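Have the viewer open as you read.

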Amino acid sequence: LERHRTAPIEEYRPEAGDLLIAMEPWQASSLRDIYGTSFACTLLGLWGRPITPHIQDPYGATPEYFNHCFNNIDIAVNEILGKISQAN
């Protein structure tokens, strides 16, 4: 992430096959407003175990809550990676 820089979402140009992933329902709605239905969009927490449709940003929360959110994110990302690997 050393070279990672944030940018406004409006500057992102999705390409064919991209999967847009949001952590909160309002974010997914915003992605649909910006990009329409041409691209797949999902909530990260729908891929977790247990399913958690809303993963709230833990910024400013307790370390315990941060760890809880990070664990949910880690599980969900690994689930998505597993599905991608199976598809390939």
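The buried residues of α2 pack against β1 (19-22), where a contact means heavy atoms within 4.5 Å. Cys-69, Asn-72, Ala-76 and Ile-80 are the buried residues in α2. Buried here means under 20% relative accessible area, exposed means over 50%, and partly exposed is in between (1.4 Å probe, protein chains only). Keep in mind that this is a predicted model, where local features need pLDDT of at least 70, side-chain atom pairs count only at pLDDT 80 or more, and totals for chains, interfaces and linings use all residues. Residues are numbered from 1 along each chain as its sequence is written, and side-chain values use heavy atoms, with hydrogens and water left out.

The chain has two helices and two strands, running β-α-β-α from the N terminus. Helices (H or I, at least four residues) and strands (E, at least two) are DSSP runs, numbered from the N terminus. The C-alpha atoms fill a box of roughly 35 × 30 × 30 Å, taken along the principal axes. Of the 88 residues, 22% count as buried. Among contacts between residues at least 6 apart in sequence, 37% join residues at least 24 apart. The accessible surface comes to about 6700 Å², and 56% of that belongs to carbon and sulfur atoms; these areas come from the Shrake-Rupley method with a 1.4 Å probe, and for residues only the protein chains shown count as cover.

Back to α2 for a moment. Its 25 residues (63-87) should span 36 Å at 1.5 Å a residue, and the end C-alpha atoms are 36 Å apart, which agrees. The expected span is 1.5 Å times one less than the number of residues. Phe-70 also sits in helix α2, and its C-alpha atom is separated by 9.8 Å from that of Asp-57, 13 residues apart along the chain.

| Residue | Relative accessible area | State |
|---|---|---|
| Cys-69 | 2% | buried |
| Thr-42 | 13% | buried |
| Ile-34 | 35% | partly exposed |
| Phe-70 | 48% | partly exposed |

Thr-42 belongs to strand β2 (residues 40-43). Leaving out residues up to four places away in sequence, Thr-42 touches Leu-19, Leu-20, Ile-21, Ala-22 and Trp-47.

Ile-34 lies in helix α1 (residues 25-35). Together with Ile-9 and Tyr-12, Ile-34 makes a nonpolar surface patch of about 230 Å². Patches are made of residues with over 30% relative accessible area and no salt bridge: like charges are joined within 9 Å, nonpolar side chains (Val, Leu, Ile, Met, Phe, Trp, Tyr) within 5 Å. A salt bridge, in turn, is a side-chain nitrogen of Lys or Arg within 4 Å of a carboxyl oxygen of Asp or Glu.

How many disulfides are there? Taking a disulfide as a pair of cysteine sulfur atoms within 2.5 Å, the count comes to zero. Cys-41 is in no disulfide, with the nearest cysteine sulfur, that of Cys-69, 19 Å away.

Most peptide bonds are trans. Pro-50 is found in the loop between β2 and α2.
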